[in-house]
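I set down what I looked up, entry by entry.

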Amino acid sequence: MTDMVAQERPLPNSRTTAERFDVLIVGAGISGVGGAYHLQQQCPGMSYVVLESQDSFGGTWLTHRYPGIRSDSDLYTFGYRFKPWVGAPIATAAEILRYMGEVIEENDLARHIRYQQKIVSARWSSTDNLWHIEAVRTDTGETLRYEANFLWMCQGYFRHSEGYTPDWPDIDRFKGKIVHPQNWPEDLDYKGKDVIVIGSGATAATLVPAIASDCAHVTLLQRSPTFFITGRNANDLANTLRELKIDETWIHEIVRRKILFDQEAFTRRCIAEPEKVTAELLGAVRAFLGKDYDIDTHFTPRYRPWRQRIAFVPDGDLFKGISSGKASVVTDEIERFTEKGILLKSGMTLEADIIVTATGFNLNVLGDIAFQIDGRPLDFAETVTYRGMMFTGVPNMAWVFGYFRASWTLRSDLVADFVCRLLNHMKAKGAKRVVPVLRPEDEDMPLLPWMDSENFNPGYLMRGMHLLPKRGDKPEWRHSQDYWSEKDELPAIDLDDKAFLYG
Ligand SMILES: Cc1cc2nc3c(=O)[nH]c(=O)nc-3n(C[C@H](O)[C@H](O)[C@H](O)COP(=O)(O)OP(=O)(O)OC[C@H]3O[C@@H](n4cnc5c(N)ncnc54)[C@H](O)[C@@H]3O)c2cc1C
């Protein structure tokens, strides 16, 4: 590891200089900002920089600006474990950005973050044990060079520049406006307009009630239904503890534990008694929509609860929108677009002034960065994941891929602890590199796709599975997506296990 102060040295055959850091963090979303905090706390003295292609921090919460944008996790667990959340559990993007801004300010992280720098390539060299990184300034086009001993990938899982829109027939014939929630135009005027929102996930469920009262009518068009869970946007335990004047640090910890305890029980029930849980979830929807509403067609998914994320609908706002008549749901498939709207496979037509394609994301495999290891292009699909954090044959790199069934940040905190422990271990050993390797006992292990589609199967993962690393059938080589086992397993990883090769 180099010293605390970043060093500069000229590149051969180039007048440009490369700035060198011990650690380079990719992305200033919730994971990257958390990573910077943990690194500063747990590895004092290590130099680091955070590079972010956008012009501010926040990642997901900066990119998405559609009306009503909010979390569907509670912020007691989506917030960092080290910074109490003091608001209502479900938060707007603006509230999350404010919270992250406080983390940056309170911990003096801003001077380490560089915005408008998009990393385009990263070349590992075993000669100097460094990543050689090129970033392009998004404002001037200038290329900047960095060197880092360790790369901490906090780039999230979807491409921020564009969302996923299926290639529907005749989409160009539509004379109205087509908008993806990921690129919501600030000046989009939907007042008094007929709007179709295509999609059935959390984004569609948030957007529909947020715009329904202003629109003439909003139709939620879905191919198949999603599970929703409703509840008040309040936490009774937190409120009681506040009344008792308990310190916010304590409230944060106690409420986190209670929520995680309840979520674990719920997850186990989803697996043990899916029919019963399904009946309960549908019963809650029926309570809002009444016994005559066609719940079977519009709100009864074909999959078991928890195979996809269950979207939270605070105070039943989506269902209230439907009951009021301002919003409706159509479950059907798109045949083709027309000048005025959409022709469905059933023969029904829907007309609209605006069509919103809340159809998901494009998977972003490691920041769309061109990677090389000692001169050879790296194909991540040929690697095997070490617990969803590192990859065989890829030295000095960790990736943060959070939880879907629990809050993403629970895992970004756990991975940060692991990375910091690994960096300190390398320092103590005098090692300049660490690379995960399959052990002799892993040689005959079957190699499977990154995620078991029986376990979790959202569209963007299914579309991009061929691009992702493989998984094995032992805990070390799996990406479990289970917070309740990983919270004990990750801190207990033996860093001298044969799965880590140091040099
Ligand atoms: C609308 C929406 C709602 C969500 N709600 C929840 C929720 O309630 N609970 C939950 O747990 N999860 C939720 N998620 C998942 C969510 O993405 C994560 O929880 C979390 O915010 C991801 O944080 P991150 O920092 O890992 O990645 P991101 O937020 O994706 O941030 C990654 C950052 O890296 C930058 N970056 C990427 N590539 C490069 C590069 N090559 N060079 C430089 N910078 C780069 C990006 O610009 C971005 O700012 C939601 C996702 C969406 C889209």
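**Entry 1: the shell around the ligand.** I then asked which of the 32 residues around the ligand come nearest. They are G27, G29, G59, G156 and W408. A residue is taken as near when its C-beta atom, placed from the backbone, lies within 6 Å of the molecule. I found that α1 (30-42) and β5 (117-125) are the elements giving two or more residues to this shell. The largest share, three residues, comes from α1.

**Entry 2: basis of the model.** I note that the model is predicted, that local features need pLDDT of at least 70 and side-chain atom pairs pLDDT 80 or more, and that totals for chains, interfaces and linings use all residues. Residues are numbered from 1 along each chain as its sequence is written.

**Entry 3: overall form.** I counted 13 helices and 24 strands in the protein chain. Both are DSSP runs numbered from the N terminus, helices being H or I with at least four residues and strands E with at least two. The C-alpha trace spans about 70 × 55 × 50 Å along its principal axes. Buried residues make up 40% of the 503 residues. By the cut-offs used, a residue is buried if 20 or more other C-beta atoms lie within 10 Å of its own, exposed if 12 or fewer, and partly exposed in between, with C-beta atoms placed from the backbone.

**Entry 4: domains.** I looked up the domain assignment, which gives domain 1 (7-160 + 362-502) and domain 2 (165-359); such bounds come from an automatic or database assignment. Taken over C-alpha atoms, the centres of domain 1 and domain 2 are separated by 30 Å. I found 25 residues of domain 1 in contact with 30 residues of domain 2, where contact requires C-beta atoms, placed from the backbone, within 7 Å. On the side of domain 1 that touches domain 2, the residues divide into 15 nonpolar, five polar and five charged.

**Entry 5: the nonpolar core.** I found that the largest nonpolar core has 125 residues, and that L24, W152, V197 and V208 have the most contacts inside it. A core here is a set of buried Ala, Val, Leu, Ile, Met, Phe, Trp, Tyr and Cys residues joined through C-beta atoms within 7 Å. Helix α11 (residues 408-429) gives the largest share of this core, ten residues. With neighbours within four places in sequence left aside, L24 is in contact with Y48, V49, L51, W131, I133, Y146, A148, L151 and W152.

**Entry 6: single residues.** I placed A311 in strand β12 (residues 311-314). A311 is partly exposed because 19 other C-beta atoms lie within 10 Å. The C-alpha atoms of A311 and D72 are 6.3 Å apart, although 239 residues separate the two along the chain. I placed W85 in the loop between α3 (75-78) and α4 (93-106). W85 counts as buried because it has 24 C-beta neighbours inside 10 Å. Beyond four places in sequence, W85 is in contact with L75, Y76, G79, Y99 and H252.

**Entry 7: backbone angles.** Most residues other than glycine have a negative phi. I recorded a positive phi, near 50°, for L366, which lies in the loop between β17 (354-357) and β18 (370-373). R387 likewise has a positive phi near 50° and sits in the loop between β20 (385-386) and β21 (390-391). L366 counts as buried with 22 C-beta neighbours inside 10 Å, and R387 is buried with 20.

Technical notes
Contact = placed C-beta atoms within 7 Å. Nonpolar A, V, L, I, M, F, W, Y, C, P; charged D, E, K, R; others polar.
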